[in-house]
Amino acid sequence: MAIPPRITAAGGGGRKPRVPPLPPARTLLTAFAAAAALAVLCLVSSSPAASLSGSWRSGARSGDKYLYWGSRVDCPGKHCGSCAGLGHQESSLRCALEEALFLGRTFVMPSRMCLSSLHNTKGVIQSGATTKQRWEESSCAMESLYDIDQISRTVPVILDNSKKWHDIVSRSMKLEVGGVAHVQGISRGELKQNPLYSTALVINRTASPLAWFMECKDRNNRSSVMLSYNFLPSMPAQKLRDAANKMKETLGDYDAIHVRRGDLLKNRKDRFGVERSLHPHLDRDTRPEYIRNIIAKWIPPGRTLYIASNERTPGFFSALSDRYKLAYSSNFSSILDPIIENNYQLFMVERLMMQGAKTFVKTMREFDSDLTLCDDPKKNTKVWQKPVYTDD
């Protein structure tokens, strides 16, 4: 159930924001009436399991206050009309969860996550489908990705399709003051200290046009990061954890490499017709003959090597089989096929496999201690260079 966005606060720099008072109950009732009616219809038409999803979770109490960022991860923001990959959306979701933790509020989590067509080949959207059908087919239930109960042990969470959230919105409409604070450009410190916001039942962040993660852009001060970057990757749904555990048991003692190729190998020609790439060494460094030389110093011959990759060429890594016992997700179809509905779920399982390896080699470096195949920076530098295919 979405809150109708209305900007009532804006701020920036060191100036104190000019904030008009919250409107009387009569105005709030008018603003929320349509949304409330729509939500009731959605609750009635949905299945009991879906409509009650999350309503009993997180230990939320009647005196709790709530933080709402919107019904879609990273929307508002530049991805409202499109869809980002799992990692990008996780950055935004962590940002929102971090703010809820800082404010001591229950986070209202979107009940579904958008599936990027660039990173997901499973599922076909029917032509002529309605907007609702397209959203259902191009998204997945948040509970199919994450263990909401486990997340709630650190940050209390309710889903936005829950009866609990519907009741909260209904209650906020009846409050003359302290109902909903619609905010934009307000720091989390101000939200916590200023009574205009701190006493509101619901803080609504949807007035901001920025993507969620932009609200947490100050990463120079690492001490400000309250949730580790591994927080959401360590919170997969139970069925995904169970699948990964079965795969680990089958492999025993193993190593792993992540070889990201498909979506990053995008070359273009400059005005002179010369090929250019944002990652000039990536294609070379992720070919089997180079992988063999790079990982030899970390992974001895004869080891079982699990390969997680978005390379679509059949048998692309077969040349490594003369030195290692190769394993892929496709070797575990009996475990994965019954539960995997999209590539986001598959990547979450593979991420657990990489975390469980004795030695794990990434494609590109994120942290100084990482073992990597390629030294090109992972972050997009927007500098197009000539691809390098030799050892020079």
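Contact here means heavy atoms within 4.5 Å.

## Model and confidence

This is a predicted model. The pLDDT averages 80 over the chain, and 77% of the residues score at least 70. Residues 5-60 have a pLDDT below 50, and in the model this stretch has 94 contacts beyond near neighbours in sequence. A further stretch, residues 122-131, also has pLDDT under 50. For residues 122-131 the model has 13 contacts beyond four places in sequence.

## The five-stranded parallel sheet

An open sheet is built from 5 strands in the order β5-β2-β1-β7-β6, with parallel pairing. Its edge strands are β5 (157-159) and β6 (180-182), each of which pairs on one side only. From one strand to the next, the twist averages 25°. Strands of a sheet pair through backbone hydrogen bonds, either parallel or antiparallel.

Within this sheet, strand β1 (residues 66-68) and strand β2 (residues 106-109) run parallel and are joined by 3 bridges. Y66 has T106 in β2 as its bridge partner.

## Helices on the sheet

Helix α3 lies across β1, β2, β5 and β7 (202-204), and runs at about 155° to β2. Helix α6 (residues 163-173) also packs on the sheet, where it touches β1, β2, β5, β6 and β7. The direction of α6 makes about 100° with that of β1.

Helix α6 is mostly covered, with 8 of its 11 residues buried. The buried residues of α6 are K164, W165, H166, I168, V169, S170, S172 and M173. An α-helix has 3.6 residues a turn, so residues three or four places apart point the same way.

Most residues other than glycine have a negative phi, and most peptide bonds are trans. D74 has a positive phi, near 75°, and is a residue other than glycine. The peptide bond joining C75 and P76 is cis, with omega of about 10°.

Is D74 buried or exposed? D74 is buried, because its relative accessible area is 1% and the cut-off for buried is under 20%.

## Packing of α3 against α13

Besides lying across strands of the sheet, helix α3 (residues 86-103) packs with helix α13 (residues 343-355). The axes of α3 and α13 are 11 Å apart, at an angle of about 80°. The two helices are therefore roughly perpendicular to each other. On the α3 side the contact is made by L86, Q89 and E90, and on the α13 side by Y344, F347, M348 and R351. These contact residues divide into 4 nonpolar, 1 polar and 2 charged.

Helix α13 also contains Q345. Q345 counts as buried because its relative accessibility is 0%. Leaving aside residues up to four places away in sequence, Q345 touches S144, L145, K239, L240, I339 and I340.

## Strand β11 and its partners

Strand β11 (304-309) is mostly covered, with 5 of its 6 residues buried. β11 runs parallel to β8, and 5 bridges join the two strands. In this pairing, I257 stands opposite I307 in β11.

β11 is also joined to strand β12 (residues 325-327), by 3 bridges, and these two strands run parallel. L305 has L326 in β12 as its bridge partner. In a regular strand the side chains alternate between the two faces of the sheet.

## The enclosed helix α11

How many of the 8 residues of helix α11 (residues 288-295) are buried? The count is 6 of the 8, so α11 is largely enclosed by the rest of the structure. Those buried are P288, Y290, I291, R292, I294 and I295.

The elements covering the buried residues of α11 include the strands β8 (255-259), β11 (304-309), β13 (360-364) and β14 (372-374), together with helix α10 (282-285). β8 and β11, both among these covering elements, are also joined to each other by the bridges described above.

Notes. Residues numbered from 1 in each chain as written. Heavy atoms only, no water. Axes fitted to C-alpha atoms, helices over the stretch in contact; angles between N-to-C directions. Helix = DSSP H or I, 4+ residues; strand = E, 2+ residues; numbered from the N terminus. Parallel < 35°, antiparallel > 145°, perpendicular 65-115°, else oblique. Nonpolar A, V, L, I, M, F, W, Y, C, P; charged D, E, K, R; others polar. Pairing = 2+ DSSP bridges. Buried < 20%, exposed > 50% of the residue type's maximum accessible area, 1.4 Å probe, protein only. pLDDT = per-residue confidence, 0-100.
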